[in-house]
Amino acid sequence: MSMNILVIDDEPPIRKLLRMGLATQGYETFEAPNARAALDVLSRETVDLIILDLGLPDMRGHDLLRLIRKDHRDLPVVVLSSRDDEAGKVEALDLGADDYVTKPFGMGELLARIRAALRHQLAVQGERALFEVDGLSVDLVRRLVRVRGEEVKLTPREYDFLRVLIQHAGKALTHAQLMSEVSTSSDPQYLRVYMRQLRLKLEADPERPRILLTETGVGYRLRAPEDEARA
């Protein structure tokens, strides 16, 4: 359920600092010391956010940002810049960077900028940053799931199904729609197993679900907050 952050910086001490600081917040990191390595990671891995140092050895950070934006228009990017590079920060923002942090920086400030960039991405995509209904709370920025205040651990696939249901909360999704969003399998039993697992973790009474509802003959529907307000 962790988010993947790509750190692009040619300084090993900075990458180590970021790796350790991000790990304390549950983020997984990929590291790239130059533009070539960064593009290779982006071609192979799923990345949720990029931290980009503008001073790279093999390419201007701005040129790399321009390349990233061609294929990853909505991927959040937080730029690391030197204190006296005002023009560089402005250029990066004009090229599509979401925010910047000036070196030297504190981890608290960087983490706040990361959360803000992720919240903004969710807002642009029309998603809630925090989904709450009937005791269930899902922080889509941190990928934290709580039931009645207690954190619940979901497998990556369970979280993927829950995320899709949240995106369409209140709407009935067919078996085919859910499977096409999350899995390559077409076996309905596969989906039933995951829905059962989610109910066991999220519902007070899995045999009488109030959150993850079955739409007979159709599929499943996640109860929307508006439904709770009307109840």
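Predicted model: local features only at pLDDT ≥ 70, side-chain atom pairs only at ≥ 80, totals over all residues.

Modeller: Residues are numbered from 1 along each chain as its sequence is written, and side-chain values use heavy atoms, with hydrogens and water left out.

Colleague: Why is the pair of Phe161 and Tyr194 called tilted?
Modeller: Rings of Phe, Tyr and Trp (its six-membered ring) pair if their centres lie within 6.5 Å; planes under 30 degrees apart count as stacked, over 60 as edge-to-face and the rest as tilted. The ring centres of Phe161 and Tyr194 are 5.4 Å apart and their planes stand at 40 degrees, so the pair is tilted. A search of the whole structure finds two aromatic pairs, and ring pairs link Phe161, Tyr190 and Tyr194 into a cluster.

Colleague: What makes Phe161 count as buried?
Modeller: Buried means under 20% relative accessible area, exposed over 50%, and partly exposed in between (1.4 Å probe, protein chains only). Phe161 has 0% relative accessibility and therefore counts as buried. Tyr194, with 17%, is buried too.

Colleague: Why does Val90 count as partly exposed?
Modeller: Because its relative accessibility is 43%, Val90 counts as partly exposed. Val90 is placed in helix H4 (residues 86-94).

Colleague: Why is H6 called oblique to H7?
Modeller: H6 and helix H7 (residues 175-182) pack at an angle of about 125 degrees, with their axes 10 Å apart. Angles under 35 degrees count as roughly parallel, over 145 as roughly antiparallel, 65 to 115 as roughly perpendicular and the rest as oblique. That makes H6 oblique to H7. In the contact (heavy atoms within 4.5 Å), Arg157, Asp160, Phe161, Val164 and Leu165 of H6 meet Leu178, Met179, Glu181 and Val182 of H7.

Colleague: How do you know that H3 and H4 are roughly parallel?
Modeller: The axes of helix H3 (residues 61-71) and H4 come within 10 Å and cross at roughly 5 degrees. H3 and H4 are therefore roughly parallel to each other. The contact is made by His62, Leu65 and Arg66 of H3 with Gly88, Glu91 and Ala92 of H4.

Definitions and conventions:
Axes fitted to C-alpha atoms, helices over the stretch in contact; angles between N-to-C directions. Helix = DSSP H or I, 4+ residues; strand = E, 2+ residues; numbered from the N terminus.
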